[in-house]
Every structure is written in C-alpha cells, then in structure tokens.
Amino acid sequence: MRKGLLIGTVLLAAGIAAGWGITMPRSDGPEVLAGLTPNPENGRRVFLAGGCASCHAAPEGENDLVLAGGQRFETPFGTFVAPNISPDRGAGIGDWSALNLWNAMHHGTSPEGAHYYPAFPYSSYVRATPQDVVDLHAYLGTLPASDTPSQPHDLGFPFSVRASIGGWKLLFLTDTYVMPASEDPQIMRGRYLVEALGHCAECHTPRNGLGALDTARWLEGAPNPSGSGQIPGIAPDKLDWPANDIAYYLETGFTPSFDSVGGHMAAVVKNYAQLPPEDREAVAAYLKALP
Amino acid sequence: MTTVTRLAALALGAALVAAPLTATAQSFDNHLAARKGEMQIMSFNLGILGGMARGNMPYDAEAAQAAADNLVAISQLTQTVQWAEGSDNMELSNTRALPAIWDDFADFQAKWASFGERAVALQAVAGQGAEGLGAAIGGVGGTCQACHEAYRQPN
C-alpha cells in the first residue's frame with residue numbers, strides 16, 4: 001500500500017515534470033538571427049502590414065506612433081489590455097534585443113521566459129521571417145517613447161493561469177501555412193501578408209471552444225472577438241469582389257458600392273493605404289486564389 | 001404676461017416633459033430610414049465620383065460637379081432628430097449604430113462636420129478634371145471611416 005502510494009507519487013511528479021517540460025515557454029538562441037543587418041525602412045513596412053499600432057497605440061492618442069498601450073479588448077476569456085511597446089526602457093520595450101522580439105513574435109515568450117496570451121497574435125506572427133523581425137525591431141526603436149505603465153489583463157480563472165497557455169501552444173501554435181505554396185510570387189507575398197503579418201484570420205476566421213482558429217473554416221467570417229456584430233467572411237464564396245476592388249478598398253476604405261470601412265478594419269485600411277500598391281494587390285490575389 | 005401666453009407657456013412646458021415619455025414608446029423605424037437614406041445618397045454620389053476617379057466611367061465635369069454638390073447639400077442636414085437616443089444596436093436589431101454615439105454626441109457631431117469640410121473641398125475640384133478627384137475623394141473617405149470606426153458595429 002505504502003509502496004503503491006510512493007510509486008503513485010513518483011509517477012505524478014514525473015508527469016508534472018514532463019508536462020511542464022513540453023508546455024514550458026520556448027525560446028530560440030541568437031543563432032536564428034545571426035548575420036542579419038537591420039533595415040528600419042523595411043521595418044516600417046512590416047510595422048504597417050502587421051498593424052502593431054492598431055492595438056498598441058494609446059486609445060485616445062493623437063499620434064498613432066506612440067505605442068503606449070492601454071486599448072482594452074473585451075473577449076469571452078476576459079479583458080486584455082494592450083501593453084506599452086514604445087521604446088521607453090522602463091515602461092516599454094526599449095531594452096529588448098531583436099532576439100527578444102523574435103521570441104515574443106515566434107514563440108509567444110517574454111524576455112523573462114513567461115507565456116504571452118495569444119490575444120497577441122503570435123499564432124500568425126510565428127510565420128514572420130527573421131529578417132522582418134530584425135527590421136521591425138530597428139523601426140520600433142525609432143518611434144517616440146512613452147512612460148505610461150502597462151496595465152494588467154483582467155481575466156477569469158482558469159485563463160488567469162499562464163501555465164495553461166503552454167498546452168494551448170502545444171496544440172495550436174504552428175508556423176505552417178494554411179494555403180499550400182504557390183508558384184506565383186504575388187500569391188506567395190499575399191499569403192505572407194494575410195497569414196503572417198496581417199493576421200487577418202485572427203478576426204475573419206471562427207474560433208473553437210479553446211479560442212484557436214478553425215482552419216477548416218478559413219476566413220469565412222466570425223463573431224466579433226471584441227464587441228458586438230459579425231466580422232464578414234472574405235473567402236471567395238463570401239466575398240465576390242474583383243481583385244482590383246479589394247485592392248481599392250485596402251487603399252481608400254471604399255467598398256465597390258462606396259460604403260466605407262468601419263470598426264477595427266478602419267485601422268487596417270489606414271495602415272494598408274500606406275503600403276506599396278503591390279502589397280494591396282498581393283492580398284487581393286491571395287484572397288482570389290483561396291479555394 | 002397675458003393669461004393666454006402663460007397658458008401657452010404652461011402647455012409647452014407640459015409637452016416638453018411628456019415628450020421623453022412618448023419617445024420611449026415610439027418606434028424608431030422612421031429615424032433609421034432617414035439615416036439610411038442619407039447614407040445611401042452619400043454612397044450613390046461618391047460612387048459616381050469614385051467611378052470617374054478610377055477610370056471605370058468617363059469623366060463628365062457636369063455630373064461630377066452635381067455629385068459633389070449633392071454631398072455638400074447632404075452635409076448641411078442637421079444630424080440631431082434622426083439620431084434619437086436609444087436608437088442604437090443594443091436596443092434595436094435593425095441598426096448598427098453603437099450606443100457610443102450618445103456617450104460623446106459632440107464628437108459625433110464634429111465628425112459629421114469634418115465630412116462637410118471635406119465635401120466642400122471636393123466640390124471645389126470636382127468640375128476641374130479627373131486628376132484631382134482621387135485625393136479629394138480620399139479626404140471625404142477618411143471622414144466616413146473616422147465615424148464608422150468609432151460609431152458603427154461591424155456587419
């Protein structure tokens with residue numbers, strides 16, 4: 001009896017250790033970014049395509065480039081508050097290395113080795129290239145600093161336990177693409193913009209009960225993750241606009257019938273309007289190429 | 001003050017007090033129809049200008065000017081009565097107007113006013129050729145977006 005208890009305890013401890021081992025926060029070493037030279041100009045393009053300011057800019061701020069955080073996102077799991085990612089060394093991420101940013105975007109792991117919640121869309125950013133992360137890091141460093149402290153998220157149990165995110169990542173965090181590779185470089189660029197940087201699926205694809213994207217219903221529309229209403233589907237059977245109308249919408253915010261973009265998408269259009277036309281055309285080409 | 005004017009003042013006062021009570025019982029269908037009608041006229045005229053700017057239809061100075069004039073005319077309609085408090089998407093199923101409109105009604109009005117300013121700028125160039133249309137339409141579009149970003153629910 002006593003021996004059984006002992007074995008049971010040992011097994012339990014081993015199980016916890018193994019579980020901890022496979023669900024603990026991961027990070028890469030400096031070799032992943034070795035030899036890369038930062039290009040802040042491309043970093044701005046990554047910044048716009050990735051929509052960093054749409055969530056991290058201060059809610060009532062006049063300047064979209066002050067990434068003081070503070071926007072609140074009410075979700076079924078609780079309220080997430082976007083943190084300060086301005087280059088302030090205390091309140092922001094001014095003391096982060098490019099590798100810290102890589103591990104945040106690629107593994108959802110903080111410099112202290114803690115899990116980030118996937119409200120930070122690293123399940124899309126995981127596909128960002130090392131060069132783009134290095135460039136983004138350089139660009140973020142050129143933006144104005146803000147000493148506004150980040151506020152804690154307000155989440156209910158069990159979502160308040162960060163360790164549970166390790167299991168979530170194990171199940172759902174992958175850098176494989178949803179659309180198979182194409183021979184067409186324009187579609188490949190569009191795939192990168194939509195599935196990696198643009199993280200379009202985070203709102204346009206429905207989620208399962210654990211809050212992970214249902215890739216079987218890719219870009220088919222979903223309930224608004226933060227607020228009322230429905231995010232429209234943009235898969236071909238939901239959105240029949242010609243490619244040039246999609247590109248025009250991303251540039252001007254006008255639909256083919258000259259309604260205008262609204263909600264959080266207005267922030268996306270504000271960013272995509274500043275990208276080179278070929279990026280808007282690439283997004284359109286990707287959407288038209290979806291099955 | 002004569003007795004008649006006193007009585008009239010009293011009656012007016014009573015009407016003002018009663019108004020909110022009757023408002024809660026009324027339907028907002030006409031308010032919504034008026035709002036949607038305004039938006040429809042805006043997108044219709046923007047569509048004409050946008051079609052010319054994009055080269056999807058030939059530029060016609062007279063038609064462009066008329067469309068821009070219409071946008072300015074719409075912008076001059078007062079945006080008060082048709083935006084009655086309570087006619088939001090929490091209370092009604094057939095509108096996407098967010099309750100936030102009435103949290104900061106002055107800001108809502110300011111956003112409408114900035115649409116008017118941009119419409120006037122568009123009016124000034126609409127008849128001068130297709131070249132200037134795109135930028136001026138973009139200016140108007142920015143004001144549409146600002147309001148829809150803050151005050152309209154996604155689909």
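## A salt bridge between the chains

A:Asp245 and B:Arg54 form a salt bridge through their side chains, at 2.9 Å from N to O. The term stands for a side-chain nitrogen of Lys or Arg within 4 Å of a carboxyl oxygen of Asp or Glu. Across the interface of chain A and chain B, the rule finds 3 salt bridges.

This is a predicted model, in which local features need pLDDT of at least 70 and side-chain atom pairs count only at pLDDT 80 or more, while totals for chains, interfaces and linings use all residues. Residues are numbered from 1 along each chain as its sequence is written, chains are lettered from A in the order in which they are written, and side-chain values use heavy atoms, without hydrogens and water.

## The interface

Chain A gives 23 residues to the contact and chain B gives 19 residues; contact means heavy atoms within 4.5 Å. The two chains bury about 1,600 Å² between them, 52% of it on carbon and sulfur atoms. Buried area is the accessible area (1.4 Å probe) that two parts lose on being put together, summed over both. In chain A, the residues that lose the most area to chain B are A:Ser228, A:Phe254 and A:Phe258, together 31% of what that side buries.

## Paired strands in chain A

Strands β1 (residues 72-75) and β2 (residues 78-81) of chain A run antiparallel and are joined by 4 bridges. Strands are DSSP runs (E, at least two residues) numbered from the N terminus, and two of them pair if DSSP finds at least two bridges between them. A:Arg72 stands opposite A:Val81 in β2(A).
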